[in-house]
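Please look through the sequence and the model before going on to the notes.

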Amino acid sequence: MSETMKLHQAPEAVNLHRALWASRIMSAIVVVALVADGAIQLFAPAQIASMLQETGFAMDLTRIVGPVILACALLYAIPATAVLGAILVTGFLGGAICAHVRIGEMGSPPELVSLLLGAMTWGGLYLRDPRIRAILPLTH
């Protein structure tokens, strides 16, 4: 292989390496946030009682929502089920955003966090999964 060819391939390999690490970091943030939320729902629902009350959800729902969030996080964290996990995470976060819109909290911190986590969910998946990049190409 000529020296010129090696020089042209190196930046692409570096970019792929950076993209992979960026995807891992974004995905890890999403998983950690979801696991923390699911754990709070299951083990410390009193800490979020006021937020549940504001959005109109009953405290009893934490026993259902907690495991659902944890299942979504687990499915997203496993490479073989990451796409399914991303779809489910998107649905969950969309519901959270909708709950805040319904009570007139457009642009509230929980709503913005949900939006950011949703973007990071798909951004992380996009950077690490060539199938997603093939379906949603960002170039012409």
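On a 1 Å grid over the protein atoms alone, a pocket is an open set of points with protein on both sides within 12 Å along at least five of seven lines, and its lining residues have an atom within 4 Å of a point; a volume is the space filled by probe spheres set on the points. The model is predicted, which is the reason that local features need pLDDT of at least 70 and side-chain atom pairs count only at pLDDT 80 or more, while totals for chains, interfaces and linings use all residues. Residues are numbered from 1 along each chain as its sequence is written, and side-chain values use heavy atoms, with hydrogens and water left out.

**The largest pocket**

- The largest pocket holds about 690 Å³ of space, and among the 25 residues that line it, Asp37, Gln41, Met51, Phe92 and Ala96 lie nearest its centre.
- Helices are DSSP runs of H or I with at least four residues, numbered from the N terminus, and H1 (3-43), H2 (49-55), H3 (62-77), H4 (82-102) and H5 each supply at least two residues of the lining of the largest pocket.
- The lining of the largest pocket divides into 18 nonpolar residues, six polar and one charged, where Ala, Val, Leu, Ile, Met, Phe, Trp, Tyr, Cys and Pro count as nonpolar, Asp, Glu, Lys and Arg as charged, and the others, Gly among them, as polar.

**Helix H5**

- Helix H5 covers residues 109-128, and its 20 residues reach 28 Å from the first C-alpha to the last, close to the 28 Å expected, a span defined as 1.5 Å times one less than the number of residues.
- Buried means under 20% relative accessible area, exposed over 50%, and partly exposed in between, with a 1.4 Å probe and protein chains only; the buried residues of H5 include Leu117, Met120 and Tyr126.

**Salt bridges**

- A salt bridge needs a side-chain nitrogen of Lys or Arg within 4 Å of a carboxyl oxygen of Asp or Glu, and the count comes to two.
- One joins Asp60 and Arg63 at 3.8 Å, N to O, and both of these residues are exposed.
- The other joins Arg131 and Asp129 at 2.7 Å, N to O; Arg131 is exposed at 51% relative accessibility, whereas Asp129 is buried at 7%.

**Cysteines**

- A disulfide is a pair of cysteine sulfur atoms within 2.5 Å, and a search of the whole structure finds zero.
- Cys72 is in no disulfide, because the nearest cysteine sulfur, that of Cys98, is 17 Å away, too far for a bond.
- Cys72 is also buried, with a relative accessible area of 7%.

How values were computed:
On a 1 Å grid over the protein atoms alone, a cavity is a set of points where a 1.4 Å probe fits but cannot get out, and a pocket is an open set with protein on both sides within 12 Å along at least five of seven lines; lining residues have an atom within 4 Å of a point.
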